[in-house]
Amino acid sequence: MIEHRNGILIAVALMVGVPAITLLATLHQMFGTGGDGPIRASAVQAPPAPAPAAKPAPQAPAAASPASPAAAAPAAATPAGAATPAAAAPVPGRSAQDFSASRPAWEGYLQGADPALGKQLAANGKPAAGVQACVACHGQAGITPTGGIFPNLAGLTPEYIAKQLADFRQGTRKQALMNTVAQGLSEQEIGQLAAYYGSLAGPPLHVGETGGEAARKLDQIGDGARALPACANCHGLRGLGEGPLLPRLAGQSKEYFADQINAFRNGSRQNDDVGVMRAFAQRLTDSEVEALGQYYAGPR
């Protein structure tokens, strides 16, 4: 009976004592000499005061020389006990600018660009820099009169034209004539030309009247079995354009369309975003390229 009573007392002591000890240890950690909790004001020690600077020993005054005017000027005295300012150390960590989206340089070319100056440049060129008039290849109103591999610029956005000229200028898009032209233009002139051509209406639309069912399906539906998304996903239904950097295909000649698809195919054009057009072009058959070119160009 006594042993049973002693066992109960021991069990009760453990039940009460262990939590009490844990609570005391926690309070000691929070309010004692360490831990992550509140810190007692009395535990915070003030930093030691800087030691006073030693006074320089007195020196005999030097005779001022007319040849050295600096010797006559009194030196700036540092107050006794003043600490010498130390260079500010860089603060580690990130700043708000680390999370700012980078913007392409060509966006700045369009700031304040004057379309009227772009029209003059398109008509006259820049002979001193070897830049011929744009109208020679792209027509008086940005519509190529003879078709061929020269694109219509009217109907494209200023952003798209500025980006392409910047790519030609930097060599990330290669075409011998356009590389020479773009490298002879200043950034401001690129913006002016882009603003001018971006203000012009595109050619008359006859999209979908030719090219057949295969082209219509690729434009509107695509081909999931070959991982070919619908062309309309990026270029708008019937190629009318979708966003500032996804160009209008409607109204471009079938020769220009085929020339650019083949350039994406063989890798001679590589300024598409993450290789999307290169992958797309490689999955098309020759007959599909021809059909799509006719579909977007329409009848002459």
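**Figure 1. The protein chain, read along the sequence, follows the pattern α-α-α-α-α-α-α-α-α-α-α-α-α.** The secondary structure comes to 13 helices and zero strands; helices (H or I, at least four residues) and strands (E, at least two) are DSSP runs, numbered from the N terminus. This is a predicted model, in which local features need pLDDT of at least 70 and side-chain atom pairs count only at pLDDT 80 or more, while totals for chains, interfaces and linings use all residues. Residues are numbered from 1 along each chain as its sequence is written, and side-chain values use heavy atoms, with hydrogens and water left out. Of the 300 residues in the protein chain, 30% are buried; buried means under 20% relative accessible area, exposed over 50%, and partly exposed in between (1.4 Å probe, protein chains only). The accessible surface of the protein chain is about 19400 Å², and carbon and sulfur atoms account for 61% of that surface. These areas come from the Shrake-Rupley method with a 1.4 Å probe, and for residues only the protein chains shown count as cover. Taking contacts between residues at least 6 apart in sequence, 62% join residues at least 24 apart; a contact means heavy atoms within 4.5 Å.

**Figure 2. Helices α11 and α13 cross at roughly 140°.** Helix α11 covers residues 254–266 and helix α13 covers residues 286–297, and their axes come within 8 Å. Axes are lines fitted to C-alpha atoms, for helices over the stretch in contact, and angles run from 0 to 180 degrees between N-to-C directions. The angle makes α11 oblique to α13: under 35 degrees counts as roughly parallel, over 145 as roughly antiparallel, 65 to 115 as roughly perpendicular and the rest as oblique. The crossing of α11 and α13 is right-handed, where right-handed means that the near helix is turned clockwise from the far one by less than a right angle, and left-handed that it is turned anticlockwise. On the α11 side, look for Lys-254, Phe-257, Ala-258, Ile-261 and Arg-265. Their partners on α13 include Val-289, Leu-292 and Tyr-296.

**Figure 3. Helices α9 and α13 pack at an angle of about 80°.** Their axes are 8 Å apart, and α9 and α13 are therefore roughly perpendicular to each other. From α9, the residues Ala-215, Arg-216, Leu-218, Asp-219 and Gln-220 take part. They meet Glu-288, Ala-291, Leu-292, Tyr-295 and Tyr-296 in α13.

**Figure 4. Tyrosines in aromatic pairs.** The count comes to three aromatic pairs. Rings of Phe, Tyr and Trp (its six-membered ring) pair if their centres lie within 6.5 Å; planes under 30 degrees apart count as stacked, over 60 as edge-to-face and the rest as tilted. Tyr-196 and Tyr-197 form a tilted pair, with 4.9 Å centre to centre and 55° between the planes. Tyr-196 counts as buried because its relative accessibility is 8%, and Tyr-197 counts as buried at 1%. Tyr-295 and Tyr-296 form an edge-to-face pair, with 5.3 Å centre to centre and 80° between the planes. Tyr-295 is buried at 2% relative accessibility, and Tyr-296 is buried with a relative accessible area of 1%.

**Figure 5. Pro-158 in helix α6.** Helix α6 covers residues 158–170, and Pro-158 is partly exposed, with a relative accessible area of 23%. Not counting residues up to four places away in sequence, Pro-158 touches Leu-110, Ala-194, Ala-195 and Gly-198. The C-alpha atoms of Pro-158 and Ile-190 are separated by 9.9 Å, and the two residues are 32 residues apart along the chain. Helix α6 packs with helix α8 (residues 187–197) at an angle of about 145°, with their axes 8 Å apart, and the crossing of α6 and α8 is right-handed. Pro-158, Ile-161, Ala-162, Leu-165 and Arg-169 in α6 meet residues of α8 including Glu-187, Leu-193 and Tyr-197.

**Figure 6. Two loop residues, Ala-227 and Val-274.** Most residues other than glycine have a negative phi. Ala-227 has a positive phi of about 55° and is found in the loop between α9 (212–220) and α10 (232–235). This alanine, Ala-227, is partly exposed, with a relative accessible area of 45%. Val-274 has a positive phi of about 50°, sits in the loop between α11 and α12 (276–282), and is exposed, with a relative accessible area of 74%.
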